[in-house]
Structures are given as structure tokens and as C-alpha cells.
Amino acid sequence: MKLLGRSNKVGHLSSPDRKTDQSVIHLDITQCFSDSLSVLTQHPILLVGASLLTVILSAASGLLLMGSLYAGLLIITLKAMDGTAPTLGNLFNHIKQFPSFFLVLVFCVTTILTGILLVLVPFTLLNWHTLLFDATIPLSDRITQLATQIQNVSWGFRLAFLSFAAGLCYFITPRIFAGVRCLYMLPLTTERNLPADETYVESKKAVQQHGFKQHVLLTLIMLWILAINLEAFAAAALSMPALIGLTGLFVFQQPFLIGLLASAYRQTLRVEVHQQE
């Protein structure tokens, strides 16, 4: 059974089915892409305009307003998916609560980056990180050169390195997965106005109950898209026209990423609420 679908009314994605009391809720990543693209094509001017304002105001405020502005962008997306009329004013619905949203954002970013940075420790110890992050060299060439360097070291050193990397990943895997479990903290804070500790507990529970592997894959897809953007920004750091162009591209991508999160939230926690009613 599809938990989300398009109705005959343009601009409306059907509400979660209330007749699934005994069904097991699982995240459908394909549906996330479908919902996000549908909303973006139905409200392109509003979503892109709100995304542009989010980027500008976040930068102007030194990132202090970023969390609350992303919450507003999420509200606009959820309203569009629910079939109600979103407005640009919804972007500022939680602007007065910016300290709590900023803390949620910092917590999520710090948790994810901690795991990613720890994975890179072996490369840093061998001074391979300079090659790994050299934006002047194409990514494929960097991987080839890195593989060549690994092949040039002794078998004993390679075995020790791989053992160290495997052991490190074993210990930090829970930290990386903790980043995945933060996925719903922003929507929970936005819709239910819960404190940060409760939103993490509820988000963690939802990720575990509604398809952990699917949530990991969705998070990796979103991080991959962001990583491509960061790679492109680093390569174009000295070219102002290129930076402007990439910023414009990110302004278009941002509503799509928020749409993926909104759709996942509607498929899981929204349905869960309806089942309890």
C-alpha cells in the first residue's frame, strides 16, 4: 500500500492513510523523490524564492537564523505536500525561536561530522589527507594516486593500516549512525515544539522502527549531494562567476533536499500519529 500518493487535485499529495493501523510503516525512498520533485514543480517560484532568502539571511546573521529559516522552509514544503496554501511568510514562523533551532542544527551537524572526520584519521596520520582534499586535482585522479600510494607501501604496513581503519570504524560506527538518527530532529522541533533531547529520542525511535537501512541510504544520498556541492565550491573558490553560478544551483537544490526530508517525515511520523488517533 502506498502511504503517500498524488490526488486528483493539483498541488496536493494525499494525507497518510488512516486505515493502516496494523500495517508496518517503512520509508519508501522512491516516494521521497517523487513527492519532492512534485512539490518543486508545482511551487517553483515560492520554494526557490524561500530558498534564496534562507541562504541570504543565514549568511547575513552569521548562521544564527539558519535553523529557524530551514524550519520555515520545511513548513512551506509540508504545507504544499498537505495541499494547503503555503506563503512566503511561513518562512519566518519560528524566527523568534532561533536559539533552540540553532542548537538543534549544531547538534545534528556536529554529530555527523564527528563520525566522518574520525573515518579520515588513518589518512591524516599518513599525510594522505592533503591528496584526498586537493581540489585542483580531479577526483578520479586523486583516487588513482591514493591507490598507487597504498600499493607502494609494504604488505605488513598495509595490513596494520587496514586493521587500524577497521577497528576505528567499528568504534565510531555508532557515532555515524547517531547522525542518521538525527534526521527527524528538525521536523519534530518544527511541528511539535519539543526540546532537543526529546526530539533526538523520538527521531532515533522513528529511524529504528521505520526502516533503518532506508534511512541510512536516504541520509547518504543527501550528504552525497551536499558533498558534490562542497567539492564544486572548493574548485571554484577563485572564480566569482563560478561561485555565483554554484550558489544559484544550490538555491535550486535546497528545496529538493528539504522535500526529501518532508516526505520521509510524512511517511513515518505523520502516519504514526494518525495510527494512534
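Just after helix H9, Asn 193 takes a positive phi of about 55°. The model is predicted. Helix H9 spans residues 185-192 and is mostly covered, with six of its eight residues buried. Those buried residues are Met 185, Leu 186, Pro 187, Leu 188, Thr 189 and Thr 190. Glu 191 is partly exposed, with a relative accessible area of 38%.

**Salt bridges**

Side chains of opposite charge can pair when their charged atoms come close. The structure holds four salt bridges. Among them are these:

| Salt bridge | Closest N to O distance |
|---|---|
| Arg 266 and Asp 82 | 3.0 Å |
| Glu 191 and Arg 270 | 2.7 Å |

Salt bridges with shared partners join Asp 82, Glu 191, Arg 266 and Arg 270 into one network.

Asp 82 counts as partly exposed, at 23%. Arg 270 lies in helix H12 and Asp 82 in helix H3, so this pair ties together parts that are 188 residues apart in sequence.

**Helix H10**

Val 201 lies in helix H10, residues 196-209. Val 201 counts as partly exposed, because its relative accessibility is 47%. The C-alpha atoms of Val 201 and Tyr 184 are separated by 9.9 Å. Along the chain, these two residues are 17 residues apart.

Terms used. Residues are numbered from 1 along each chain as its sequence is written. This is a predicted model: local features need pLDDT of at least 70, side-chain atom pairs count only at pLDDT 80 or more; totals for chains, interfaces and linings use all residues. Side-chain values use heavy atoms; hydrogens and water are left out. Helices (H or I, at least four residues) and strands (E, at least two) are DSSP runs, numbered from the N terminus. Buried means under 20% relative accessible area, exposed over 50%, partly exposed in between (1.4 Å probe, protein chains only). A salt bridge is a side-chain nitrogen of Lys or Arg within 4 Å of a carboxyl oxygen of Asp or Glu.
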